[in-house]
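Reader: I have a structure open here and would like to talk it through. Could you put it up, and then we start with the core?

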Amino acid sequence: GRWGLRRHAPALASLARSVEAGPTARAAAIYALGELGLDDEAPRLLALTDTPEPDLRRAAILALARSPLDSSTSEKFDRVLARAILSPDITLRRIA
């Protein structure tokens, strides 16, 4: 993701969705998707902001913060940020 190689987006998206990959690999893939700034990944990233896995939630919020968002997605992301700010997870609050 860091080099902006969009051709890797499908593999990254697949890894981000793969429960078998484990939370660390998934969080890295989510972060890389954010680096690519792909607006078509926003719905999947938004869904990951509700996952019980804290590393995935954090990565999804960071990825969405770096992605172009349409007005509808932006409104949903604003609600995600509001929840994150009030979260008992101090790291999540700092990210928000």
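Author: The largest nonpolar core has 25 residues, and those with the most contacts inside it are Leu12, Ile30, Leu33, Ile61 and Leu64. Such a core is a set of buried Ala, Val, Leu, Ile, Met, Phe, Trp, Tyr and Cys residues joined through side-chain atoms within 4.5 Å. Two or more residues come from each of helix 1 (9-17), helix 2 (23-36), helix 3 (42-48), helix 4 (54-65) and helix 5 (71-85). Helices here are DSSP runs (H or I, at least four residues) and strands are runs of E of at least two, numbered from the N terminus. Please keep in mind that this is a predicted model, in which local features need pLDDT of at least 70 and side-chain atom pairs count only at pLDDT 80 or more, while totals for chains, interfaces and linings use all residues. Residues are numbered from 1 along each chain as its sequence is written, and side-chain values use heavy atoms, with hydrogens and water left out.

Reader: Which residues does Leu12 touch?

Author: Not counting residues up to four places away in sequence, Leu12 touches Ala29, Ala32, Leu33 and Leu36, where contact means heavy atoms within 4.5 Å.

Reader: And which residues of helix 1 are buried?

Author: Ala9, Leu12, Ala13 and Ala16 are the buried residues of helix 1, buried being under 20% relative accessible area, exposed over 50%, and partly exposed in between (1.4 Å probe, protein chains only). They lie on the same side of helix 1 because they cover an arc of only 100 degrees around the axis, the arc being that of the directions from the helix axis to the C-beta atoms. What covers them includes helix 2, whereas the face turned away from the buried side carries the exposed residues Pro10 and Ala11.

Reader: Changing topic, how many salt bridges are there?

Author: A search of the whole structure finds 6 salt bridges, each one a side-chain nitrogen of Lys or Arg within 4 Å of a carboxyl oxygen of Asp or Glu. One of them joins Arg66 and Glu35, with the closest N and O atoms 3.2 Å apart. That pair links distant parts of the chain, since Arg66 is in the loop between helix 4 and helix 5 and Glu35 is in helix 2, 31 residues apart.

Reader: What about Asp50 and Arg83, where do they sit in the chain?

Author: Asp50 and Arg83 meet in a salt bridge of 3.0 Å, N to O, and they link distant parts of the chain, with Asp50 in the loop between helix 3 and helix 4 and Arg83 in helix 5, 33 residues apart. Asp50 is exposed at 56%, while Arg83 is partly exposed at 43%.

Reader: And Arg57, buried or exposed?

Author: Arg57, which is found in helix 4, counts as buried at 17% relative accessibility. A network of salt bridges links Asp55, Arg57, Arg58 and Asp89. Leaving aside neighbours within four places in sequence, Arg57 is in contact with Leu48, Thr49, Asp50, Thr51, Pro52, Asp89 and Leu92.
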